[in-house]
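Dear colleague,

Please find the structure below. A summary of the findings follows it.

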Amino acid sequence: MSIYFDPQTLQFQLNTRTSSYIMQVRNGFLLHLYWGARLQNGDHSYFFREQGRAAFSPRMENGGGFILDDVPLEYPCWGRGDLRTPALEVRNPDGSNIVDLRYESHEILPGKPRIPGLPAVYVENDGECETLVVRLRDGVSGVEADLYYCVLEEYDVLTRYARIRNGGTDAVRLLRAMSASVDFDHTRYDILSNYGTHCRERQIERHPLQHGRFTISSRRGASSHVHNPFLLLASPTADETSGEVYASVLVYSGSFAAEAAGGQFDAARAMIGLNPEEFSWKLEPGEDFFTPESVLTYSGEGLGYLSRTLHHLFRTRLCRGKYRDARRPVLLNLWEACYFNFDEEKIKRIADSCAELGVELLVIDDAWFGERNSDNSSLGDWYVNRKKLPHGLEGVEEYLKPLGLDLGIWFEPEMISPNSDLYRAHPDWCLHVDGRPRSEGRNQLILDLCRPEVRDYLYDCVSAVLKDGRIKYVKWDYNRNMTEVGSPTLPADRQGEVTHRYYLGLYELLERLVGDYPDVLFESCSGGGGRFDAGMLYYMPQVWTSDNSDAIERLRIQYGTSLVYPLSAMSAHVSASPNHQTGHVTPFETRVCVALTGSFGFELDPTALSDAEREQVRQVAALHKELGEVLATGDYYRLRNPFEETCSAWCTVSADRSVCVAGYVLTHVRMYGNNERIALRGLKPDALYRERFTGETYRGDELMGFGLHAPTTLEYRSILWVLEEVSD
Ligand code: GLA
């Protein structure tokens, strides 16, 4: 049993493998008592210290005299005694903003309920999870909140979300409905988050939690390149291997907010959920609203353990479908090889050149459809351009088949070009506000996925291409953020619902497609990593990590991404040198070494490779086929931090710890410096390992205690070690 309820003390204790999360009902309020290292079940009532610090805040005369402003709450509401940031705020029919939630009842369920219409962590049998649902209710307005706590004990996580119900007699408006809020009794934490931009996603920023609110958010109608929907709080000394770290990750792809705030009594509150600035929701009597899910996990062993917990969960209980477990094909994407300029002949030449290299799948990127020859037309017109591909996609697929290559293609279904047949036929199908100009981004507008007819159109377009089973892979792109967010299908008082309804529409469409085409590998993309989030991973097990394919830049991007997301989710391709985005000239081995840290492929013109490079490609494709599973499913250890050091290093260790693939890249040479030796982690101390390329043998304790000497000269040089256990 992961959930323990003590009826005497009204305490709930939720236990995961290494953590406990404890709450208690007092004076009708649901209080937060503890989140940290696992404790024995028992009466922990003394954890709550009522200090009664009024400091201008009211005492709840009908709430046992609590000064709510000084009490740790599970789902704080606005309007009565708690003057900190609330998780829930509502506009009542009388115009007031008051919600006063009190404990009503609870139930403990086996398994994990599905959240209607939203992506979420799932279980394969009820034994993997227990769920606590605590019902809170406002006795005046009738507004109810069911707080869901799903405890996946063996996965070492719990997930939280809320169902808000209007139990009153008139419509109410939700102004803010966060997925989770946690109160901490001190502020001695660092905040870690991702920030970035297009081509420089998920950089890591770490700074102390201070008094005042620190928010990362997106109001862009996408989780975005700029921030990522998660927040970590770490003890100030926490590093990769030690210290306490708390994570909350939102399973959502649209506008979000995550906040941590130090308050007046030196306590802190952290929360995550839909961005309240981009949201309001009208709830009619009897209707309910589900927030997206947030995944909460605690590590007492630093960031490394925390990341591995999330990687394991997301890889095995968020990603779905055939490719959750199957090795992903080694693919070659034509984008950087051709951009918009290709035809059937060129594709055939490239295919011939790929065939003997061990590449398994060829991806035709943008511009196979409509009249598209640049980014200024045809999104929405998802029929093959016969001028470029006279024999259609089927002609290409038939050519590839005997070469042992599968075919994949690019789509950008959510978008519409004003210069398209679709727009000419349906100018009202995009998000827009009547009377205002429609701002174009990359010459395109966004389709209104609140409209069922738009979703059906897109389903039919994508289906028409997939239904004969020739296409084995789809790259699903989304190349701008939202402006003029409006849908004429909704009345004025529901326009605040558009962004979230858009995502409910997108998720419905994706659910249909991935359900009907289970053998297709879907890859999410948004100008690279503009929607690299747990929401998209529910539908698509991999994401084009960044439009920046430069191996040196990718060191940071992939390192930052690995804080939360598994390597199997990060598409990483070997691209040309000099790199098209940065101009960096990087050795082939280094580009390979970095790309092997993700879902592996190529993003270059194979006809331009030298014979020596072709031989290298052959070898690396073979190596990937052999080691792909360890790389995708092994435990990942960050060994050197490219944000702080003049190198980067990492290793991935198989579940049985018999194989370790380690990588090292020197990013900056310091004269007579760089005495680098890389100590590995996760090995068996007593086992003997042989390094595949040198034949040298080492004991696990040596590899972890002292490590391996790394190259000290030549910028951008790298080394890949493959260590395999051998018998003595
Ligand atoms: C986006 C993607 C690229 C490529 C182009 C095509 O920018 O991130 O990989 O597919 O679109 O237009």
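By an automatic or database domain assignment, the chain is divided into domain 1 (3-317), domain 2 (331-631) and domain 3 (640-726). The model is predicted: local features need pLDDT of at least 70 and side-chain atom pairs pLDDT 80 or more, while totals for chains, interfaces and linings use all residues. Residues are numbered from 1 along each chain as its sequence is written, and side-chain values use heavy atoms, without hydrogens and water.

The C-alpha centres of domain 1 and domain 2 lie 34 Å apart. Their contact (heavy atoms within 4.5 Å) takes 50 residues from domain 1 and 42 residues from domain 2. About 3800 Å² is buried between these two domains, 54% of it on carbon and sulfur atoms; buried area is the accessible area (1.4 Å probe) lost on putting two parts together, summed over both. On the side of domain 1, Arg-202, Ser-253 and Trp-281 lose the most area to domain 2, together 16% of what that side buries.

The interface of domain 1 and domain 2 holds 1 salt bridge (a side-chain nitrogen of Lys or Arg within 4 Å of a carboxyl oxygen of Asp or Glu). Lys-282 forms a salt bridge with Asp-493, with the closest N and O atoms 2.8 Å apart.

Elsewhere, 8 strands close into a barrel with parallel pairing, in the order β21-β22-β23-β26-β27-β28-β29-β30. Strands are DSSP runs of E, at least two residues, numbered from the N terminus, and two of them pair if DSSP finds at least two bridges between them. Strand β21 (residues 331-333) pairs with strand β30 (residues 599-603) over 2 bridges, and Leu-331 has Gly-601 as its bridge partner in β30.

Kind regards

Key: Helix = DSSP H or I, 4+ residues; strand = E, 2+ residues; numbered from the N terminus.
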